[in-house]
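Hi,

Here is the structure I said I would pass on.

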Amino acid sequence: MSGPTSSALPRRSELLNYRPRLADRIGEPGLRALSALAGVLAVALILWIAETVFNDAGPAITKYGLGFIGRQVWNPDANGGVGSFGALDFIYGTLVSSLIAMVIATPLAVAIALYLTELAPRVVRRPVAILVELLAAIPSVILGLWGILVLGPFLGNRLEPFLHRILGWIPLFGGIPSPYGMLTAALVLTIMALPIITAVAREVFASTPAELKEGAWALGATRWEMVRMVVLPAGRAGVVGAVILGLGRALGEAIAVTQVIGNTPQIQASLFAPAGTLAAQIASEYQSANPGLGQASLIFLAAILLVISLLVNVIARLYVRRVSVR
Amino acid sequence: MIVAAIVGGTLALAACGSATPSSGTGSGGRAKALVGAGSTLVAPLMSVWQPTYYKRYGVAITYGAIGSGGGIVQLIARTVDFGASDAPFLRAQAAACHGCLEIPWALAATLVAYHLKGAPNHLRFSGRVLADIWLGRIRRWDDPAIRRLNPHVKLPDTAILPVHRVDGSGDTYAFVDYLDRVSPRFRAEIGPPAPIVNWPGGVGGRGNSGVGGVLSAANGTIAYIAIAYVLQSHFDYGLVENQAGRFPTPGIPSIAAAADALRSVPAGGRRGVSIVDPPASAPDAYPISTFTYVLVPTATRPGIAPTLRRFISWAVTAGQRFGPKLDFAPLPQAVVRADLADVRLIR
């Protein structure tokens, strides 16, 4: 009778006398050790960075404690050159500029992602997707430069006076129009976060289970109803993850923001007013901060930024896990 | 921190380069390279000194224009051989530096530049008006106080946006020094001169070039910038009233007049020399002139001292002739004499 060719299966004797070859004997533990080493390295790096940041912020932490977060002052010249510092202006600036960026970028990104996955002609999809992803490849410094040369003057000379005229009674638009301010920085951050959110949202929408979409169509749903009832709810966790990724980029952006935000520690109701963020302030002053309390306070700002970023990340993971389990 | 690491690395390489003794200079060898950092005001002059000095003496000088405040910090940390600053040490910085000298080696000025569509060049300002602009009390260009000084000019109704430096700057020091003297209100609100102060409002830029960028991008801005940048970038700049009631054009003659009004030069290279707001006995003096200093330790690394002494002696004598084309006035003779005496203190 014909059976499988004997060369396809190991002989019984080979199985009984199996001895691992040298390459296998070294290879497997070697792989384990190397990847364990890489993992340990990554963990050690994070711990080392955290330790350095909190250590060097020591003098400021000892002097101000957690109250540093609530102090609204940044005066390197006070008290005979020792200085008096506080983080409130910068925490406000970071949170507000990032929040505005997310509010503008998220609907835009979701719309672009929907267009690319559901609505665009197939021919158009890949080129547009590539162009959107190219936005993420632009170095921050160049975006900041474009902000100074193009976006800032456009906002300061056209859009802000227009908003001031129409909506000036709202405190948000009540200040003097200025090319350097919170609004310009928020828009630059929007441009930086947009490609990230779009790319991830696109992947999420593209992986919506086909049977759910076909089911909706079979029930007579229009395209918009199908999107609303199937694609968006199914992709909700992924979109939240995308927004968190974009938020992470916005929170930490230093160079582009410091070029357009005006670098003035203050809290004003108007979006047109100059402000400061944690990252931008560190970028501005790190080279010339007075050794002692000045430098320590700057690194305290860095510690706060680190904690905010980690918190945002942890909240995102918890949300995604909760939704996925469901 | 990162700059310290990079500059420290460069320093290590330079030290390797100077390990080979040069011919005919005795035991131990003389360093062939110097590393410095600091003021952006003196950077144009430094970039002319570097190739000239290398061609003449074979010594390579590396300079990082990171702002006067940065120069002070790097010298205190001893990551550089010399610092450059338009601002003298604050008391705490002098203590932290452990016996450092400030030797004035160039003479320049800080101008008040502005960008205002519809207004001519050379608008006139007084010290009080400038103080009130930066304090946020004068908010529009057609304010009566500005109009009074410029009676024949039609000033537009644009908002004023005062610009300042966010990094540690000798121009900030000189400007605040001047405003403190002419406006008691400014002194009370802002405090004594320092490389970084707490400005109420306005917009911040990094370095002279950053502030210049803010100026060119926005209408209605006014800023204090080193003279070389203002003239090279062709910004409009203001004429500032001095104590004699005149509005001298900032330039070599008016800066030299301010330096000549010096009564005495403090010895021993300490404490800096302030020449802002010169008395009425110098009617042609520009009121916001400033020396810029080289900051050196009295105790240097081996091999550095002779090279450093020769470089600074050259800079305050032969090096001065490169100044006028870049809008640096020549040092007064009394200052040069004091400098050459102080240079001998570098060991």
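**What I found**

In H11(A), the buried residues are A:Gly238, A:Gly241, A:Ala242, A:Val243, A:Ile244, A:Gly246, A:Leu247, A:Arg249, A:Ala250 and A:Leu251. By buried I mean 20 or more other C-beta atoms within 10 Å of the residue's own; exposed is 12 or fewer, partly exposed is in between, and the C-beta atoms are placed from the backbone. Helices (H or I, at least four residues) and strands (E, at least two) are DSSP runs, numbered from the N terminus.

Before the rest: this is a predicted model, so local features need pLDDT of at least 70 and side-chain atom pairs count only at pLDDT 80 or more, while totals for chains, interfaces and linings use all residues. Residues are numbered from 1 along each chain as its sequence is written, and chains are lettered from A and ligands numbered from 1 in the order in which they are written.

On confidence, pLDDT is the predictor's own score for each residue, from 0 to 100. Chain A averages 88, with 96% of its residues at 70 or above. Within chain A, the lowest mean is 71, in helix H4 (residues 78-81), and the highest is 94, in helix H5 (residues 88-119). Where pLDDT is low, the predicted coordinates should not be read in detail.

Back to H11(A): its 17 residues (236-252) should span 24 Å at 1.5 Å a residue, and the end C-alpha atoms are 25 Å apart, which agrees. The expected span is 1.5 Å times one less than the number of residues. Helix H6 of chain A (residues 122-137) has 16 residues and runs 24 Å from first C-alpha to last, close to the expected 22 Å. H6(A) is hardly covered, with a buried count of zero.

Also in chain A, A:Tyr286 is in the loop between H13 and helix H14 (293-325). It has 19 C-beta neighbours inside 10 Å, so A:Tyr286 counts as partly exposed. A:Tyr286 and A:Ile299 are 13 residues apart in sequence and 8.8 Å apart in space, C-alpha to C-alpha.

Now for where the chains meet. The contact takes 25 residues from chain A and 31 residues from chain B, where two residues are in contact if their C-beta atoms, placed from the backbone, lie within 7 Å. On the chain A side, strand E1 (74-75), helix H7 (140-167) and helix H13 (278-285) each supply at least two residues. H7(A) gives the largest share, five residues.

Chain B comes to 13 helices and eleven strands, and 54% of its 347 residues are buried. Of its contacts between residues at least 6 apart in sequence, 74% join residues at least 24 apart.

How do H12(B) and H13(B) cross? Their axes come within 10 Å and cross at roughly 180 degrees. Axes are lines fitted to C-alpha atoms, for helices over the stretch in contact, with angles from 0 to 180 degrees between N-to-C directions. The contact is made by B:Arg309, B:Ile312, B:Ser313 and B:Val316 of H12(B) and B:Val336, B:Asp339, B:Leu340 and B:Val343 of H13(B).

Lastly, B:Asp327, in the loop between H12 and H13 of chain B, has a positive phi of about 70 degrees although it is not a glycine. With 22 C-beta neighbours inside 10 Å, B:Asp327 counts as buried.

Cheers
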